[in-house]
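Subject: Structure handover

Hello,

Here is the structure for your files.

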Amino acid sequence: MTTAIFDYLEMMVVFSPCAHQGCDRYALGRTQFCLRHQPDFNTAIPEVLQHLQSQQNLVGWNFSELTFSDLVFSEKYVASCLFSHGVFPSIGFRKCRFENCFFDFSLFSDCSWHECVLHNCTFAGSEFSSSRFEESTLFQVSFNGITARNINFSSSDLFRSLFIGSSLHGALFEDCNLKRVNFCRSERQNVQFKWSNEMEAIFSEDQSSRQRIYPLERF
Ligand SMILES: [Zn+2]
């Protein structure tokens, strides 16, 4: 891995490699090094987090492996950013828009997304506890392989989102759009689909292949 290029329509994002010889990770924020090779860790990390907090528009930054304590995500536009392997304790996201962002293999505890829009983002392999997405639009968001305990998606549109192979223990999908949401091979305990169209979701491989042959339109 040297440089990753994400080309979305007119937007091209290039992540710089870490300047440490032989390291194949991406440089963190505006620094030259990844998290583990920061020469002045105690100065660099607060500066990276301050940059994240102060900007309303963030495109093409790597914030992987960070712990996001005491941060407020309010009315931010965030595109093509990496938050992989992050730790999110009691973080609130309010009226934010995330596009093509990676939150994979992260830990979320007591987090909330309220009136947020997420397009083509991934939380694959992450762990959630006591967290909620409310009144949000989650379009083609991957929750594949997540482990979630006490998670709430009330009043959200999850069109074409994925929960393949996930473990859901105590999940509430109340008044949600679940059209073409894929729950194949998921483990579900105490999962409620109150006032939602779960009959239009996909729960088996057979159902999935039928929908590929006869794709449903959204409207
Ligand atoms: Zn490095």
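This is a predicted model: local features need pLDDT of at least 70, side-chain atom pairs count only at pLDDT 80 or more; totals for chains, interfaces and linings use all residues.

Residues are numbered from 1 along each chain as its sequence is written.

Overall make-up. The protein has two helices and 16 strands; helices (H or I, at least four residues) and strands (E, at least two) are DSSP runs, numbered from the N terminus. Of its 219 residues, 37% count as buried. A residue is buried if 20 or more other C-beta atoms lie within 10 Å of its own, exposed if 12 or fewer, and partly exposed in between, with C-beta atoms placed from the backbone.

Core. The largest nonpolar core holds 57 residues. Such a core is a set of buried Ala, Val, Leu, Ile, Met, Phe, Trp, Tyr and Cys residues joined through C-beta atoms within 7 Å. The members that touch the most others are Cys-34, Phe-63, Cys-81, Phe-83, Cys-101 and Val-181. Two or more residues each come from α1 (41–54), β5 (77–79), β12 (127–134), β14 (147–152) and β15 (167–172). Beyond its neighbours within four places in sequence, Cys-101 is in contact with Val-78, Ser-80, Cys-81, Phe-83 and Cys-121; contact is counted when C-beta atoms, placed from the backbone, lie within 7 Å.

Strand pairing. Two strands pair if DSSP finds at least two bridges between them. β12 and β14 are parallel, with five bridges, and Ser-129 has Arg-149 in β14 as its bridge partner. β14 and β15 also run parallel and are joined by five bridges; there, Asn-152 is bridged to Leu-172 in β15.

Val-87. This residue lies in strand β6 (residues 87–89). Val-87 counts as partly exposed because it has 15 C-beta neighbours inside 10 Å. Leaving out residues up to four places away in sequence, Val-87 touches Thr-67, Phe-68, Ser-106 and Leu-107.

Positive phi. Most residues other than glycine have a negative phi. Asp-70, in the loop between β3 (57–59) and β4 (72–74), has a positive phi near 60°. Asp-70 is exposed, because 9 other C-beta atoms lie within 10 Å. Asp-110 has a positive phi of about 50° and sits in the loop between β9 (107–109) and β10 (112–114). With 15 other C-beta atoms within 10 Å, Asp-110 is partly exposed.

Regards

Methods. Two residues are in contact if their C-beta atoms, placed from the backbone, lie within 7 Å.
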